[in-house]
Amino acid sequence: MSKEDNSGNVSNSPLGVGGMEYNFRDIEKKWQKQWKDSNAYKVENDFSKPKYYVLDMFPYPSGAGLHVGHPLGYIASDIFSRYKRLKGYNVLHPMGFDSFGLPAEQYALDTGQHPAETTKKNIATFKAQLDNIGFCYDWSREVQTSDPNYYKWTQWIFLQLFNSYFCNTEKKARPIAELIKKYETKGAMPKNGNPIPGKHFTADEWNGYSKQQQEEILMNRRLAFSKFGEVNWCEALGTVLANDEVVNGVSERGGHPVEKKKMRQWYLRITAYADRLLEGLETVDFSDSMKEMQRNWIGKSTGAEISFQIKKGKSENEVSQLAAHSSQLVVYTTRPDTIFGVDFMVVAPEHELVTEITTTDQKEEIEKYLHYVKSRSDRERQADVKQITGCFTGAYAINPFDGRQIPIWIAEYVLAGYGTGAIMAVPCGDQRDYAFAKHFNIPITNIIGEHYTGEEANATKEATLSNSGFLNGMLMKDAIDVAVNKIEELGIGKRKVNYKMRDAGFSRQRYWGEPFPIKWIDGIAHPLDESELPLTLPHVDKYGPGPDGQGPLANIQDWLQQPVKLSKSSESKVPSFGGDLGEVGGTLETSTMPGYAGSSWYFLRYMDPQNEQAFCERKVSDYWNQVDLYIGGTEHAVGHLLYSRMWTKVLYDLNLIGYDEPYKKLVNQGMIQGSSRFIYRLSLKLAEEMKGTDSLDILVYPSIYLSQKHYKVIEELGQDATKVANYVNTLIPNFYDISFVKDSTSVHLNVIHVDVNIVDGIELDVDAFKMQREEYRYAEFLLEDDKYICGSEVEKMSKSKFNTVNPDELVAKYGADTFRMYEMFLGPVEMSKPWDTKGIEGVHRFLKKFWRLFFRETKAPPAEVPKHSEGKERSSGEAFIVTDEEPTPAELKVLHNTIKKIEQDTERFSFNTGVSGFMIATNELTDLKCHKRKILEPLLILLAPYAPHIAEELYELIDSSKASPCGGGLEGASYPKFEEKYVKESSKAYPVAINGKTRTELTIALDANQQQVEALVMGNEIVQKWLEGKAPKKIIYVKNKMINVVI
RNA sequence: GCCCGGGUGGCGGAAUUGGUAGACGCAGCAGACUCAAAAUCUGCCGUUCGCAAGGAUGUGCUGGUUCGAUUCCAGUCCCGGGCACCA
């Protein structure tokens, strides 16, 4: 790093101006420029050094810019990165942008600005805001998911997924070419038993299939595959909506009805990896709650699939009619032991059997119900337990064990996507089934004797079964296995492992995402040749939806039909892999990839961001290896983490990287919530019918803004306008002309969000408020104690709630170092908390106090300057007061306690207590009047990760011959070493408790034994007082902890 | 509904393994310095009884285990976040 001169002449230093004051503005500007000019944070792929990889979940560059919630995790990771650098590691600490996404596209729809343009602008803002805070990112490694140089490789990895299948024998991804070869030579035949038509085939059969048939079979195995799936369709908007855009069954924008619609979609076969995703959790350092969430998401359960014969209606005729179809109802259950307690079946409304089995009598009812369900989201269908809905199909299932006829219902609480989309309902053992049976008057069979009260279901597994045929007398938990064995024996079902997790939908009917490198020809998906990558987005002027719910790309014929080279495969004779189709004909896929495509592998690209030959060179990914520390919000707890864990496993299986878990350790930062402020507006309105017309003449009295206390009073008064007016008039005489207030005058109270930036705590800055808008200029206020007190509430931080706080403003006012330390000081990084700017002063004061360990007060008369000061006079009246004196034991103790504290707290991500450790050290050294280099220099290195600018500045002044603590790498300063000998104590002040309550304190030598301690304790006056002459039952002495006298 | 968190002074929080509850900071109060302000410094600061000494009480609530519980166990209430949530 470049140094200014070493002569002590630092007149070009920004400190030359304005005295000795801690001038954070100039210091921070100076060092940020210097770091940039000297490429201080450039990270080399130097394989000889020990590495450490610290990663932040990269942000979506929204138009609103960074708010104070964003940097919380970034500051934590920055501190840790700088700390690891000082410890001698080659630290990779990159940053980039998750720059594809819906908001930019929506903004484009609204304003006509191209998403690429707005995204570029937003990224520039974000970067400037990030740089303001003094992060040590290596920007030369920046990635942006919407950059064609990046998404080229996202598309490339998609092709790997498309061209791979999950081998159930090896439990890993293999090239699909191997599967094709197997089909061509051996077919797909069962290991034992007879082949099932439609599932099994011989090699000859395979080779005789049409290419469409072959592709269909392969599609069932590809890791990236296409099938029909449901989307939220909004007819009025002619578009597919995200879950986010649907509120209460209607579109958020415009309130149009939304219903489910089946469309061809791409999916990732993440379910194939369910077991490995579960096993992988054992090898990573995530919090238990995080692992629990992922396990619950995957939702592995073991149970049985059981087939039931169906009888349609009561008449014999209908039974035989159905028998011809050989329809069976297959249910999945984790409790086959309850098979005799099944009183009804519930089938998902979208189950394929529903139309088939519904009787003529019930047809109308069922159709009505199906119509209702179409408008309901999965979420609503699950959460609404109070409202029980369902409809009888008229058909019955036959219990294979006792021949009972079981009515088949459809109900929204059963989802098609889980299990077989049908359940056997056991009302005595399941509360939801119980409630359903009660609601529809379905008789309940009790199979658990006294465990069932008739009042509610009992989900026990400990009961002894009754009314249960061959299971009678067995404990339920033992009966599970017996029942499954019997079911398998009878050939009516089988043991089954089930997962709650579903394959991940991978298409979006949108413009602003990665195009699929896929061309459709005669209904077959053909992968593009790698040489065609990146397949770039066409530039468009309109972003509206395409026909039939397709994405905007469907409107661009030139792009869709452009000639592209298709992938060839020498391994296969399957036409889709051959080049004989030529480069023209067919159309490109019109949907784009979802947001998580780019974020599933970005951690790899940072390692080798400019590589044009590969997504990441193998020896580079071998060096940087796993992310050692990943910091990000819980909102990505499940989705993003599972997807990127899956991608990593696929890349590993295909031998493209050397490890199958991306993130070694994960720390979840808590959400910073907004602390909203409210003002209350009172208006009285009088509506009178105008004579001879239908219209109303509305007389509006002037509005007045109420401080919180008055709001509460007036809220109590309700609609009594006279009382309200009188109340106001007692405080502001004649504000209302009472004679105009009538019975029909209505009282309107509005609660309005007010910008938190013009509120000090809860006190509104009335003048600033008046300046905000013309309509407020002459507003009247009803104050309390001459103050306007606002209401407050904790909410999500968002622009619409006027509760966002911009870090730029705080950095401008207090400096980046103060801002960094304050964010950390707020509390544990993983805990959510509302933002409150009050308190930042305290941290700023600490830094100023820290500064004064190095500088004498400007105003102090010269006589008070310590004689030993060899102060570098930097400008008139300013003195650098650091000395070369030998430290005292007391000073060394402070230093080494601090080294221990900061190192421990940093290692365990307890940055808030770390900051308080610095405060304590500063307070103690101030009290000791310590200005000694041998104490302050190591202290500066400790501080450097937390407050790098001030540390750099003071370090340069204290010893400019040494390497910078913030320069990075092994050349930098090294972390101070804790030495026990300086902090060793020979005695301790023990708390002495009587019956567990602390009553006094005794200072005792640390090596004292039980007898010595007992003698000392018994000799103590206060102890004697509490003993009241009695002998103690016991004296508990825990070395180095406490003493307890039990009476 | 289900899953995961969290409830400690006026406020943010500390107490790392069951051992002095309230570190550190904010706010508040009193004082010093100053013509004044800012900045800085000193003292007090959970509640309650008391002139004080000293007591009582106190970590959402109810119990339990323990010499001793903010910490462990059972139940319960409230708040926050997530959901494709369940067979």
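Author: Begin with the domains, whose bounds come from an automatic or database domain assignment. Keep in mind that this is a predicted model.

Reader: Which domains does the assignment give for chain A?

Author: Domain 1 is written in two pieces, 39-156 + 597-669. Then come domain 2 (300-499), domain 3 (686-795), domain 4 (808-973) and domain 5 (987-1046). Between the centres of domain 3 and domain 5, taken over C-alpha atoms, there are 65 Å.

Reader: How do I read a sheet?

Author: Strands of a sheet pair through backbone hydrogen bonds, either parallel or antiparallel. Here is a case: 4 strands in the order 35-34-37-36 make an open sheet with mixed pairing. Strand 35 (997-1005) and strand 36 (1034-1038) are its edges, each pairing on one side only. From one strand to the next, the twist averages 20°.

Reader: In which sense do strand 34 and strand 37 pair?

Author: Strand 34 (residues 987-994) and strand 37 (residues 1042-1046) are parallel, over 3 bridges. Opposite Val992 is Ile1043 in strand 37.

Reader: Which residues touch the most other members of the largest nonpolar core?

Author: They are Ala76, Ala224, Leu940, Leu943 and Ala951, in a core of 151 residues. Helix 2 (residues 71-86) contributes the most to this core, 8 residues. Domain 1 and domain 4 each supply at least three residues.

Reader: And which residues come nearest to RNA strand B?

Author: Ser289, Gly299, Tyr418, Gly842 and Gly996 do, of the 65 residues around RNA strand B. By class, the surface near RNA strand B has 21 nonpolar, 24 polar and 20 charged residues.

How values were computed. Residues numbered from 1 in each chain as written. Chains lettered and ligands numbered in written order. Predicted model: local features only at pLDDT ≥ 70, side-chain atom pairs only at ≥ 80, totals over all residues. Pairing = 2+ DSSP bridges. Helix = DSSP H or I, 4+ residues; strand = E, 2+ residues; numbered from the N terminus. Axes fitted to C-alpha atoms, helices over the stretch in contact; angles between N-to-C directions. Near = placed C-beta within 6 Å. Nonpolar A, V, L, I, M, F, W, Y, C, P; charged D, E, K, R; others polar. Core = buried A, V, L, I, M, F, W, Y, C linked by C-beta atoms within 7 Å. Buried ≥ 20, exposed ≤ 12 C-beta atoms within 10 Å, placed from the backbone.
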